[in-house]
Amino acid sequence: MPVTKTAKRALRVSDRKRIVNESLRKRIEIAQTKAKKSPTAKNVSIVFSLADRAKKSKILHKNKVAHIKSLFSKLLVSKAK
């Protein structure tokens with residue numbers, strides 16, 4: 001456990017950030033499963049939006065986001081054919 005006042009404050013802040021980051025990761029996972037089941041333009045755009053948001057706040061690495069976007073754009077193209 002933290003001893004100093006600043007360490008306690010840092011723990012509170014990191015706990016709040018962890019909760020926000022976990023919720024965004026979970027939303028991305030849910031959106032991905034939904035888009036895999038029915039790859040419509042709307043579902044794929046939701047995945048793209050969430051992935052870009054995670055990249056912007058550095059929750060996901062930029063290459064992982066690129067991989068996700070590539071995968072779902074391929075899904076969307078194959079569904080259209």
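Predicted model: local features only at pLDDT ≥ 70, side-chain atom pairs only at ≥ 80, totals over all residues.
Trainee: Why is N43 called buried?

Mentor: The relative accessible area of N43 is 12%. Buried means under 20%, so N43 is buried at 12%.

Trainee: What does the side chain of S23 reach?

Mentor: The side chain of S23 reaches the backbone oxygen of V20, at 2.7 Å. That distance is also within 3.5 Å. S23 itself is found in helix α1.

Trainee: Is S23 buried, exposed or partly exposed, and why?

Mentor: S23 has 38% relative accessibility.

Trainee: What makes R18 and D15 a salt bridge?

Mentor: The closest N and O atoms of R18 and D15 are 3.8 Å apart. The rule asks for a side-chain nitrogen of Lys or Arg within 4 Å of a carboxyl oxygen of Asp or Glu, so the pair of R18 and D15 at 3.8 Å qualifies. Both residues lie in helix α1, three residues apart, which is about one turn of the helix.

Trainee: How do you know that E22 and R18 form a salt bridge?

Mentor: By the same cut-off of 4 Å: the closest N and O atoms of E22 and R18 are 3.5 Å apart. E22 and R18 both lie in helix α1, four residues apart, again about one turn of the helix.

Trainee: Which residues are linked in a network of salt bridges?

Mentor: D15, R18 and E22 are linked in such a network. R18 takes part in the bridge with D15 and in the bridge with E22.

Trainee: Why are D15, R18 and E22 called partly exposed?

Mentor: The relative accessible area is 31% for D15, 40% for R18 and 39% for E22. These values lie between the limits of 20% and 50%, so each of the residues is partly exposed.

Trainee: What makes K69 and D52 a salt bridge?

Mentor: Their closest N and O atoms are 3.1 Å apart, within the limit of 4 Å. This pair links distant parts of the chain, with K69 in helix α3 and D52 in helix α2, 17 residues apart. K69 counts as partly exposed at 26%, and D52 is partly exposed at 29%.

Trainee: Why is K58 called exposed?

Mentor: K58 has 74% relative accessibility. Exposed means over 50%, so K58 at 74% is exposed. K58 lies in the loop between α2 (41–56) and α3 (62–80).

Trainee: What is noted about the phi of K58?

Mentor: K58 has a positive phi of about 60 degrees, although it is not a glycine. Most residues other than glycine have a negative phi.

Trainee: Where is S57 placed, and why is S57 called partly exposed?

Mentor: S57 is also in the loop between α2 and α3. S57 has 44% relative accessibility, between 20% and 50%, so it counts as partly exposed.

Trainee: Which residues gather in the patch of positive charge on the surface?

Mentor: K5, K8, R9, R12 and R16 gather there. One of them, R9, is found in helix α1 (residues 5–37).

Trainee: Why is P2 called partly exposed?

Mentor: P2 has 25% relative accessibility, between 20% and 50%, so P2 counts as partly exposed. P2 is found in the segment before α1.

Notes:
Residues numbered from 1 in each chain as written. Heavy atoms only, no water. Patch = residues over 30% accessible without salt bridge, like charges linked within 9 Å, V, L, I, M, F, W, Y side chains within 5 Å. Areas by Shrake-Rupley, 256 points an atom, 1.4 Å probe, with all protein chains shown as cover. Lys, Arg positive; Asp, Glu negative; His and termini not counted. Charge placed at Lys NZ, Arg CZ, Asp CG, Glu CD. Helix = DSSP H or I, 4+ residues; strand = E, 2+ residues; numbered from the N terminus. Buried < 20%, exposed > 50% of the residue type's maximum accessible area, 1.4 Å probe, protein only. Polar contact = N/O pair within 3.5 Å; in protein donor to acceptor, adjacent residues only side chain to side chain.
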